[in-house]
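Thanks, everyone. I'll keep this short, so please have the sequence and the structure in view.

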Amino acid sequence: MKDIHAFFDHEEDYPDLDAAGAAGRLSRAIQCKTINCADHTRTDYAEFDKLHALIRESYPCVMAAGTCEVIGHHSLLITLPGSDAALRPCLFMSHQDVVPVVEGTEGDWTYPAFSGAIAEGYVWGRGALDIKNQVFGCLEAAEYLLSHGGAFRRTVYLSFGDDEETLNLGAQALAKTLQSRGVELEFVLDEGGGKIENAAAYGAPETYLSPVDLMEKGYADLELCVKSAGGHSSRPFGGTSLGRLSQAIARIVDHPFPVRLTPVMKGAFRAIAPYVTQEPLKTLVQDVEGNAGAIARYCYETRPLFPFVTTTIAPTVIRGSSEACNVMPQDMSAVVNFRIAEGETADEVLAHVRAAVADDTVSMRFLQSNDPSATARSDGYGYRMLTASMGRYFRDVVFVPSLTAGATDAHHYEILCDTCLRCSPFMAPPEDVARGVHGTDERISLRAYAQGIRVLIHLMDAAAVHP
Ligand SMILES: [Zn+2]
């Protein structure tokens, strides 16, 4: 993998951009320990108040040009009104909250997790990549444009939830507030992507791609329960609860879900098709629609693409086994986690699993489930503008429609918008993302932070100031 900075282009744009000042403000943001606990009563909201105070004092032009409201508990909605009511507003979103540091790993950090240390060319700390970079990056971009006389014709919303990592109540409150005001959005930009990867999995090893996530897969935790009185293991008439539960799990795993090239993945292969040099894909992508089945089967066999073409099945938890080798277990339960493909639903997953298990003594219920998000348009204004700005600042990169197997809170805005794009302009090497996001030594390079701000200035300027 090339150095991520080798892809950066037009770093000379906006020569008076205060990159050092921006990094300092991001550093101070990281020092606010905005961890939101799933039990919100345990959250220290004073840290969110500190973050709000930092935002209000750091971006005077934004504060003067617009309104800044606290919505729901501690979510923020900043409205920068545009002069042309005929233009549908656009919305830049992210979240203020961060995940905690895994207990016992505090000492593994090169710089303390909430220090916001600026060292070795990086800003270090929890939230540097997920996702205070985007919260403050959006603010930097708006401040830059306004302080340079930019007059917004299209209304811009900056919308920052306070509990994306837990309950998403913030995003729901923000979206509902806008809905109650009759707002319809042209596009939404949320976190996602933020990486440049070699396209070898797509049969294009000489090419680098960056994903623009158009949708989020659905999510379900299915609990399986088997009841048993236990007893002496010398008389296991009818089998043990562990045996029946294991058999149920095995049947689920042995009945995979359909493998399909979804509309998003068709778009991905159409975008990458001109760069594909390896067979069998080289031939197959000449006709993505006609060869959709064969391409999907290829993806299914390819580790990085496998989750993109099917509903995945991951047994994750088993509880209640016997402590003693000669004692049969009593009631047992297991959890199987599903990530639901575009076009399927949680109800369909349950029906599929019931049919596969075919055992009435195994009871099933969802502990948690949500259907896949809608799929954002990739043929309209928002996608075109975003990829144009991204393309200016990252050279030799192909932007491809993609999806996320994880989840963010952008889907709450679908009631207002058909183009909810998940794509961060803050690029990190895949190993930094893997290690740092929700892990140890989360950090963003100073150049990557400044470059992401340039993308956002360019996009906000093109979409809102000079539409
Ligand atoms: Zn995030």
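One definition before we start: contact here means heavy atoms within 4.5 Å. Also keep in mind that this is a predicted model.

With that cut-off, take Glu 140. Leaving aside neighbours within four places in sequence, Glu 140 is in contact with Ala 22, Arg 25, Tyr 59, Tyr 449 and Ile 453. Glu 140 sits in helix α4, residues 132–147. Is Glu 140 buried or exposed? The relative accessible area of Glu 140 is 6%. Buried means under 20%, so Glu 140 counts as buried. One of its contacts is polar: the side chains of Glu 140 and Tyr 59 are joined at 2.7 Å.

Now another glutamate, Glu 103. Look in the loop between β3 (90–95) and β4 (118–119).

Next, the domains. The protein is divided into domain 1, 4–198 + 374–465, and domain 2, 216–370. The contact between them takes 15 residues from domain 1 and 12 residues from domain 2. Their C-alpha centres lie 33 Å apart.

How much area do domain 1 and domain 2 bury between them? About 1200 Å², with 64% of it on carbon and sulfur atoms. On the domain 1 side, the residues that lose the most area to domain 2 are Pro 401, Leu 403 and Ala 405. Together those three make up 45% of what that side buries.

Let's turn to the polar side of this interface. Across it, the rule finds 5 residue pairs in polar contact, both residues at pLDDT 80 or more. Strand β16, residues 397–404, gives the most to the domain 1 side that touches domain 2, with 7 residues. By residue type, that side of domain 1 divides into 8 nonpolar, 6 polar and 1 charged.

How many salt bridges does the rule find across the interface of domain 1 and domain 2? It finds 1. As for Arg 422 and Glu 216, their side chains meet in a salt bridge, at 2.8 Å from N to O.

How far is Glu 103 from Arg 422? In sequence, the two are 319 residues apart. In space, the distance is 30 Å, C-alpha to C-alpha.

That's my tour. Over to you.

Conventions. Residues numbered from 1 in each chain as written. Predicted model: local features only at pLDDT ≥ 70, side-chain atom pairs only at ≥ 80, totals over all residues. Heavy atoms only, no water. Domains from an automatic or database assignment. Buried area = accessible area lost by both parts, 1.4 Å probe. Salt bridge = Lys/Arg side-chain N within 4 Å of Asp/Glu carboxyl O. Polar contact = N/O pair within 3.5 Å; in protein donor to acceptor, adjacent residues only side chain to side chain. Helix = DSSP H or I, 4+ residues; strand = E, 2+ residues; numbered from the N terminus. Nonpolar A, V, L, I, M, F, W, Y, C, P; charged D, E, K, R; others polar. Buried < 20%, exposed > 50% of the residue type's maximum accessible area, 1.4 Å probe, protein only.
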